[in-house]
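Q: Hi, I've just opened this one and would like a walk through it. Can you take my questions as they come?

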Amino acid sequence: MLKTNCNGEIWCVTQPDHGAVAGYLAAHWGNSDLLAPGNFAHSPDAERLRAEVVFAIANHDNGWWEWEAAPEFDGIDGLPLDLTDVLGDQQASMDRWRWGVPRFADTHPYASLLMSWHAYWLYAQRADEENDPAFAHPLFSTERAPLDGQALQQAESFLAELRQLQQRLMKPVLDDPATSHWMQPDHLWPHVRLLQVLDSLSLWMCSGLIPGDDGRRGGPGQHAVTFHDVPTSNWHNRVDLSVSPIDAGRASIEPYPFDQDELVVHLPLKRFSRAIEKTANPALHWAAQPTQIVEFTFCRI
């Protein structure tokens, strides 16, 4: 659950809804300046590859499905716990990936592989000194201390698990003559990075987790942010993507990445007053609150 203070309210966005927003952005990503997924290198069936990448981005947080269906509730505000509260247990956080990454392994191995790399770089950036800065997740754009002690041991073990799982996920993709080229770095790496970028762009709209260019974290979509190493025509041609709020519910992006000059995003959320009245049954109180749709529009400068 993504919980954010916004204009005197608490906005709550579920992880599945955040993922769906990222998938929507992925489905509209691509124009003459920044190519759509599936087109970063030659592919005989680019649309099939594009669909697989969009599927991965839309479902990258599927390991949270079960938790969101029956969330734990905060004893202070009576609402579901925030993502940052749940992530305090590193081993439990890794378990979300252990469930989510292989969920579609039989039907969407390439999508599962992209999810595995997404999980991998979230931990490798703090556990492995020899990591590639091109895959630094924007969540960590401010300096974070490296892991040590038991946390480092857990992370190293988890990264080894992911590497083994990746070998299993790669096999059916490589064994199929129609998809074996998907594993070429010129295809794989821009898709891994695009998942990171669109996860972050969705988080920027849905929460205050992504730090702004000034290092501070604010309400949803309310601060300027720059995403680095965004692939344009291929993996070797990458740019910085600058996102700047214009007014409430509108922001510009440069260079502009979408297939519509103004892309309207519908964000499902539940809104609560900060003066929340405690109830004996928070799950019932949560279920009774209507889901609302907030519109957010990305514009060309």
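Q: Where is Glu161 found?
A: Glu161 is in helix α7, residues 149-175. Helices here are DSSP runs of H or I with at least four residues, strands are runs of E with at least two, and both are numbered from the N terminus. Before we go on, this is a predicted model: local features need pLDDT of at least 70, side-chain atom pairs count only at pLDDT 80 or more, and totals for chains, interfaces and linings use all residues. Residues are numbered from 1 along each chain as its sequence is written, and side-chain values use heavy atoms, with hydrogens and water left out.

Q: Thanks. Why does Glu161 count as partly exposed?
A: Because its relative accessibility is 32%. Buried means under 20% relative accessible area, exposed means over 50%, and partly exposed is in between, using a 1.4 Å probe and protein chains only.

Q: And how far is Glu161 from Trp67?
A: Their C-alpha atoms are separated by 22 Å, and the two residues are 94 apart along the chain.

Q: What about Arg168, where does that sit?
A: Arg168 is in helix α7. Its relative accessibility is 48%, so Arg168 counts as partly exposed.

Q: What is Arg168 in contact with?
A: Pro102 and Ala105, leaving aside neighbours within four places in sequence. Contact means heavy atoms within 4.5 Å.

Q: Which residues touch the most other members of the largest nonpolar core?
A: Leu25, Leu201, Trp204 and Phe298, out of 88 residues in that core. The largest share of this core, 13 residues, comes from helix α6, residues 109-127. A nonpolar core is a set of buried Ala, Val, Leu, Ile, Met, Phe, Trp, Tyr and Cys residues joined through side-chain atoms within 4.5 Å. In soluble globular proteins, nonpolar side chains tend to be buried together.

Q: How about the whole chain, how much of it counts as buried?
A: 52% of the 301 residues. Among the contacts with a separation of 6 or more, 68% are between residues 24 or more positions apart.

Q: What does the C-alpha trace span?
A: About 60 × 45 × 35 Å along its principal axes.

Q: How many charged side chains, positive and negative?
A: There are 21 positive and 40 negative ones, and the centres of the two sets lie 3 Å apart. Lys and Arg count as positive, Asp and Glu as negative, while His and the chain ends are not counted. The place of a charge is taken as NZ of Lys, CZ of Arg, CG of Asp or CD of Glu.

Q: Now the backbone. Which peptide bond is cis?
A: The one from Glu254 to Pro255, with omega near -5°. Pro255 lies in the loop between β5 (250-254) and β6 (262-273). Most residues other than glycine have a negative phi, and most peptide bonds are trans.

Q: What is phi at Asn7, then?
A: Near 55°, a positive value in a residue other than glycine. Asn7 is in the loop between β1 (2-6) and β2 (9-13), and Asn7 counts as exposed because its relative accessibility is 68%.

Q: And what is phi at Asp229?
A: Phi of Asp229 is near 55°, also a positive value. Asp229 is in strand β3, residues 225-234, and is partly exposed, with a relative accessible area of 21%.
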